[in-house]
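Reader: I am new to this structure and would like to go through some parts of it. Could you take me through them step by step?

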Amino acid sequence: MHHAHSVQFDLTYLEQVSNWKKKQSSWPCCPGAAYYQKPARSTLTSLSSYRFTKPVSMCSSCGTPQAALTGPTTLNEQCKPSSDGEVVISGSSSTGPGSRPFASVLWSMGSTPEGGTPTSFQDAMSDANNRNSLNLNLNGGMVNELAPGDYTLKLTVTSFLGTSSSVEHSFTKQSGNTSPSVSIAASDALYSRGIALEVSVSTQDVLCSGNQVNFLWSCDLHRLGQKEVCSILDGIGIRSRASLFIPSTTLATSGIQVGDRLTFNLSASYVGVGSSTNTSQTVDVLGDKLIARLQGPSGDVQMGGKDETIVFSAQNSEDPSDPSDRMEPMRYKFHCERIQDELTPCFKDVDYFGTVISGYQWLVNTSLFAEPDVQYFIYVTIAKGRDGVNRRSASATKVVIPRTREVIHTEITRFCPGDASCASQHVSVNPLALSVLVKLENIEDVDISSLKYRWSYPQDQVQRLGVQLDNSNTRGGVESEDIIILPGPAQPNSGRLIVQCQVVLPDGRLSASAISISSRGPPVCGSKEGCLRIPRNESTFPDNAFVANAVGWSNEGPLKFEFGYMSEDGAYKIVQPLSQKRTFTYKAEVGSHRPYVCADGGDGGRACAESSFVLREPATDYTAQQLMSTLKDINFAALLMTGDDAAIWEAAHNIISHLSAASSQELELNPEDQAFVETLLEDASAAVGSISSSEVADAGVGVSAINTENSLGRQGMQVNSSRTLQNTAVGLRLLERAQDLALDIETAGNAMENSYSAVTSINARARSLLAPSSAQEKARRMDSNFASIGRQLARITLPGSSYHIQRGSTTLATLRTSSSESLSTAKISPSRSEDGPSAHFLSRSFPSWCSKNIECSKQDLFAAIVMYFLDPFPYIDATLNLKEVLQERNVTDIEVVSGIIEVQLGYEGKANQLLCDENNTEGCQLQLQLPLQDMYNASKSHACVRIVPSVEAYQAVSNTTQVAAPTFNGELPMGSCTSGGLGKHVIIQYTKPSANEIQPRPERPERTRSKAFNVYVTVDVAVNRSIETGQLASQVAKEQLMSDISQALAVGLYRLDSKLMGDGRGQMCADCVKAETLEVLDSGFSLVTLALYLPDDVSTGSKEAFKGEISAAPLVDLLSESEFADKVIEVRLQQNDNDGNGVELQPEPSPGSGRGDDGDDDSSNENAVIGGAVGGAVGGALLIAIIAAASIYVCKRRMRLGGEKEEACVRNSNPLYKPDDRATVHIERFSTSFNQPGRNNVGREAASSMPHIDLEEGRNN
């Protein structure tokens, strides 16, 4: 059917119409329409008008849609069919004219085996037709109802013009599960991004078969209609991972060119089974959008004089598909236009066109501009390819204003998130970040800070947009060197935008600059019904699957899709990172949800649509047995055999959904089920690690790894801290090296939470039981993760803006500016609060130093990263010299009284360095503000200590900082200190020695000593389960336990007799007790043999009397300073002459001793009090020591599915596990102070409110 219309055109043009050339149009919907080509400007004179009418029509040959279908070519019988949409046959890659939604979508069945199409299948097609759905979702029951044989499915789409297109998809229903069901999701690929072939594998098929799936790929290359050899898959061979990614470097080395068509053939089979499933996918290799860059002056230029010849260069323009122009040389074309009057020539001489050098440089004589004080566009257009689909072009523009006076040069620069340059076109839904640079090379004694700025739009643009730049449509206002124009009325959806800035010098001189920016819109949702379709919007748990389809999206280039949830504050929580798959199944938690999908064009263009659904609470008869039945069907080892990463993510979200529902129902799990759930979560985390470390892992895997690890860690179970740190680190690395996906705010927050909680969730007692090397390792790994988060967020922070993230007791902020001057005037607060932790520069010494420093002066942008950690001890425990860094001698009672604030500058090589160099420290300082903790004591001395990484640990550097008197935010004191360096800072307090204490003492000769007694100490020690058993074997050292016992015994004996155990100068003799050997007894206890040295001038009687004192002393007093002697079994002394007169000391009964001499358990009185001192590793003193063979208490976190977290301890002897062991543990508040003789420990308090727990059974890790 043809619909004729008449369209009236009004043209205002110049009088010599004979020079205008009429051309026939190739517009797809308008045959016979006309347009006119403008003549050369030199022939144009006066203005005239012309009106004409031209018929246009809609016809069957115009705007024909293209139907497309993807889906599995093989379907198998499912051994455990579910109601989920297990199989998706998708037509969502079908396209229609004008990006409009289809008027109708019709699914129908073509050929079928005998028996026809089951009713359930027909119902599914009818439902899709009624909803105009481009996706056909088949659950397991529908698949099983299909008779074995070959089927042909047909999809017909009809456009809004009434034109139609059909496509067929064939699949085979197998009689047995002899090969897996697979399908490929892929779309046309931009050359620079490589080719991603995302394969979906039927999880049911693999679980039913129990076999590993192997994948074998091959390819065909078609170029200009001819088939050629395809070598891009050479050497890949058989793989166990389903999806395949071919980077652009491989495309280049294989000779692939823009415009090539590749067909990828996949053969999937079970290991050891002969048959296979075969499918294929065709991909067209598209050229990326060219990036035009034009360098040269902008704004005011002087006509003649110093600016007589100005040079514009497009040499840095780029083809991302062909950076070296190997495939085809770049073409350049320059021209000039007046902004207000594009038909009037730019130059006085109409024949003048400047001078082109090397094709990419244009030299212009400014004295030949037609008029001064007029804005001119200087254009460059770059191009590759010829007319047709392979032609690509882009333009860049400069705005110059010729002046007859001497000018000050200024230049406006556009900035975009990330380190790469901006694309040629700005996407109007994104903030537009600009910065003006004033070039003062020929002007002396100008204080940059005194410059004044004013941003605005030209008046004709204001009339067109109906808005001028002001504080309401910009971030930070219009009177600074940086401006961010917010999306909305101030940004047109498409077209050209001119932004100008006027700069005023202190002496009143003016300089003007302008920039012209081409903008376009994001991907378009063309459906009135919305572009996120979810067939149902409510369900009741445990039916927690909601299938979502992305439909109706259009864009200039290929799209990828991201699925997730929107939070109440509008934040996007990613569940499925960007991929080519247009369908996603949400495994939801109970509650109301706002799912979203975002269509991403990859060059800053992004648009989103949302929907809603509700998952209601389970019925009241939902039981723990039902929960466990579901969870026991999840087998990560089997899921890994599918080679399909999506199966792992879906299973992890399914676990989270069910545990969340179980918690809301307050289900009780028995110990066996609790152990199973804990193991399942461990398996899930291990599977996440396996995927993240695979060769096909990309940035999307990194996002999923971080977010899934975070969700698993919130389920109330024991977290494997090492694996959490590792998975998070791998995810961050994948994101940091990615080019097409950046770290988003929500994922960054999850990475912070993962890293911090993995270390701080280990309580203080447990941390004290970590060997120093382990404490240092965990701190360094956490530090590395936070550094990566800071770098990545700084990279996407626009100049003049900041990011703030708070997760638990950690906060992080980034600030980015276009100059060191702007940075030096900023106050950066991670918490956004004026009274919270913050950092700012004390003076402008830093920009002065930066301008003279080679590396600093090269920076185009400056980023500051500020982090605050409420709990300082992960880093304090790993710092070796806190006490030594204090300038005063003999200080005591050292305490940490603040969290840690860290400040870094985001350019390479600057981390943890001095703010300026050693010769420029005066005035080049930061002022830091930190909340002080309750233990702060104003009567004590205080210091602000800077902590930086060393080779293996952390060290406090020289105390160059000072602490000011605290201010108060309400009742909370705030500490303030200055520092000349970057890094971590913490405030500590201590007691100075009194004048009498530091008076020199008269020297007394040291007393010679000899070994008087052998001392045999038998102890039982404890360790927390949150330190993995595997770690213990490598961390513990006999020397550490021996050192701990010897120091504790020396302190205990010194308290008994300070004369015998003193050094003659009023101090404890540090070498009077020496550990010699350590033996692990059959009972699992540890026997330490020590030597006790007493002065030679002491009589035998005095020694015997001292032995008697030791005999009478309570054992708890003798070894009260031990870090791990939870129970002292016995202490036995023997004279060194081996005369057999040793004195055996029997242990006093104490609550919780629970064992007789024979080592048998007494389960009725098996209590252990976890207490004692907790300290850091400072001043070279290594805390903690435990040997792997010692009998230990292994404490682990348990989950009671009512939301209550419990901690319990299980007695366990390494390396053998005794399943019948029992233990009851009481956990008390404990604290230590710092002034323990013979120790350099940072003291602090740690508390636990864990309940008294009886354990049925222990389980070894």
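Reader: How many bridges join strand S46 to S47, and which way do the two run?
Author: This is a predicted model. In it, 7 bridges join strand S46 (residues 801-807) to S47, and the two strands run antiparallel. Ser-802, for example, has Leu-815 in S47 as its bridge partner.

Reader: What about the hairpin of S46 and S47: how many residues are between the strands?
Author: There are 2 residues between them, and Gly-808 takes a positive phi near 60° in this hairpin.

Reader: Which strand do 8 bridges join to S47?
Author: That is strand S50 (residues 862-869), which runs antiparallel to S47. Within this pairing, Thr-811 has Tyr-868 in S50 as its bridge partner.

Reader: Is S47 mostly covered or mostly open?
Author: Strand S47, residues 810-817, is mostly covered, with 8 of its 8 residues buried.

Reader: Changing topic, where is Asp-300?
Author: Asp-300 is in strand S19, which covers residues 299-302.

Reader: Why does Asp-300 count as buried?
Author: Its relative accessibility is 0%, and buried means under 20%. Asp-300 therefore counts as buried.

Reader: With which side chain does the side chain of Asp-300 make a polar contact?
Author: The partner is the side chain of Arg-403, at 3.0 Å. Leaving aside residues up to four places away in sequence, Asp-300 also touches others, including Ile-401, Arg-405, His-409 and Ser-511.

Reader: Now the rings: how many aromatic pairs does the count come to?
Author: The count comes to 22 aromatic pairs. One of them is formed by Phe-541 and Tyr-622, which are edge-to-face, with 5.5 Å centre to centre and 85° between the planes.

Reader: Which parts does the pair of Phe-541 and Tyr-622 tie together?
Author: Phe-541 lies in the loop between strands S36 (538-540) and S37 (545-550), and Tyr-622 lies in the loop between strand S45 (613-616) and helix H6 (624-631), so the pair ties together parts that are 81 residues apart in sequence.

Reader: Are Phe-541 and Tyr-622 buried or exposed?
Author: Both Phe-541 and Tyr-622 are buried.

Reader: Which residues form one aromatic cluster?
Author: The cluster is formed by Phe-546, Phe-563, Tyr-565, Phe-584, Tyr-586 and Phe-613.

Reader: And over the face of which residue does Lys-984 lie?
Author: Lys-984 lies over the face of Tyr-875, 4.7 Å from the ring centre. Elsewhere, Lys-1074 has its charged end over the ring of Tyr-1093, at 5.5 Å from the centre.

Note on methods
Residues are numbered from 1 along each chain as its sequence is written. This is a predicted model: local features need pLDDT of at least 70, side-chain atom pairs count only at pLDDT 80 or more; totals for chains, interfaces and linings use all residues. Side-chain values use heavy atoms; hydrogens and water are left out. Buried means under 20% relative accessible area, exposed over 50%, partly exposed in between (1.4 Å probe, protein chains only). Helices (H or I, at least four residues) and strands (E, at least two) are DSSP runs, numbered from the N terminus. Two strands pair if DSSP finds at least two bridges between them. A polar contact is a pair of N or O atoms within 3.5 Å; within protein, one must be able to donate a hydrogen and the other to accept it, and residues adjacent in sequence count only if both atoms are side-chain atoms. Contact means heavy atoms within 4.5 Å. Rings of Phe, Tyr and Trp (its six-membered ring) pair if their centres lie within 6.5 Å; planes under 30 degrees apart count as stacked, over 60 as edge-to-face and the rest as tilted. A charge sits over a ring if NZ of Lys or CZ of Arg is within 6 Å of the ring centre and within 35 degrees of the ring normal.
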